[in-house]
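Trainee: Please walk me through this structure. I want to know what each term rests on.

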Amino acid sequence: LSEKILAQDDLPTLTKDNCQLHLFVNAGLSAEIENTYSNYADGVGLFRTEIPFMMRQRFPTEKEQVELYRAMLSAEPDKPFTMRTLDVGGDKPLPYFPITEENPFLGWRGIRLTLDHPEIFLVQIRAMLRASIGLRNLQIMLPMITSVSEVLEAKRLISQAFFEVKEEAKEKDGELYHPQIGVMLEVPAVMYQLPQLAKIVDFFSVGSNDLTQYLLAVDRNNARVSDLYDSYHPAVLAALYHIAQQANVLDVPITLCGELAGEPGGTILLMAMGYRKLSMNSHSLLKIKWVVRSASLNEAKVLLDEVLAMNEPKEVRERVNLYLESVG
Ligand code: PEP
Ligand code: MG
């Protein structure tokens, strides 16, 4: 099997009935990008910028951030590169910025923290923009969005940084393109605000890890309730399907970048729901490509109809595994 998987490097990511998928990488370290990205992926769907922040003893300076982001963006200048703004808080603390809260996952996380500290946000956005001078592949993504007003405020800060960096670029004869701006769909509240969000962003990206946690009210890292944390729960599947259909109606490009995208069964169901862009850990890429090439969209749709009528995640998993076995 592994030989078969490796032998498909340069083959397109097409199902047997010619449905094309686009596979992207989730990264947090530059090595993850160097290793597999250039060969197999269509771009970077999620760069978790908090990881380089977590590995330091202090906030990286604007200059340090520019260097890091520049190296990443210029590795494959023709492929889209989605940088998520700092998503600390929750399970991702910074050693030099301690936060003590009773419910960190419901607390000061992601965009909530950076909008309260616009100086941190602006330094990061300016660094991303400076790093993108002369390139056009930067996309900026906002984590933990709950309300339209957060997006508007973040966009206002991004515009401010854009005009500052644009002036600078002009002086140096460099061109600065306006990045596409997108939001993570990972707080259930946004499922009821998709039309409003569609008017103010360029793309959506589903964070199925947090969406599962918040929909099911199950801490994604608590071993005691880990049996209850399941993206195959019927409510999660219904939510993912609803989002895909809405994004399609609203004509907003959509990616899914949670762990589910890197699971063979998840890929089949997501494809049937209408997702065409999946972003995953680099080590899942070739396996998922193989799954896509072995499957058929029509069969996946029949399977989706069947599992949407089920009540138990376990039943869903068994049925999906049966399908995966049948295709090899
Ligand atoms: C997610 O929540 O699904 C996601 C991709 O982001 P993270 O795992 O970094 O919270
Ligand atoms: Mg998340």
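Mentor: Start with pairing: two strands pair if DSSP finds at least two bridges between them. Helices (H or I, at least four residues) and strands (E, at least two) are DSSP runs, numbered from the N terminus. This is a predicted model, so local features need pLDDT of at least 70 and side-chain atom pairs count only at pLDDT 80 or more, while totals for chains, interfaces and linings use all residues. Residues are numbered from 1 along each chain as its sequence is written, and chains are lettered from A and ligands numbered from 1 in the order in which they are written.

Trainee: How do you know that β3 and strand β4 pair?

Mentor: Count the bridges. Four join β3 to β4 (residues 138-142), and the two run parallel. At least two are needed. One bridge sets phenylalanine 81 against leucine 138 in β4. On β2, the pairing with β3 is also parallel, over three bridges. There, phenylalanine 47 has methionine 83 of β3 as its bridge partner.

Trainee: Which way do the residues of β3 point?

Mentor: In a regular strand the side chains alternate between the two faces of the sheet. In β3 (residues 81-84), Phe81 and Met83 point one way, Thr82 and Arg84 the other. All are buried.

Trainee: What makes a residue buried?

Mentor: A count of other C-beta atoms within 10 Å of its own: 20 or more is buried, 12 or fewer is exposed, and in between is partly exposed, with C-beta atoms placed from the backbone. Of the 328 residues of the protein, 40% count as buried.

Trainee: Why is helix α11 called largely enclosed?

Mentor: Nine of the ten residues of α11 (residues 264-273) are buried, so the rest of the structure largely encloses this helix. The buried residues include Thr267, Leu270 and Met273. They pack against α10, β7 (254-256), β8 (277-281), α12 (285-294), α13 (297-308) and α14 (313-327). Glycine 274 follows α11, with a positive phi near 120 degrees.

Trainee: What makes a nonpolar core?

Mentor: A set of buried Ala, Val, Leu, Ile, Met, Phe, Trp, Tyr and Cys residues joined through C-beta atoms within 7 Å. The largest one has 78 residues, and Val183, Leu270 and Leu278 touch the most other members. Helix α10 (residues 234-250) gives the most to this core, seven residues.

Note on methods:
Contact = placed C-beta atoms within 7 Å.
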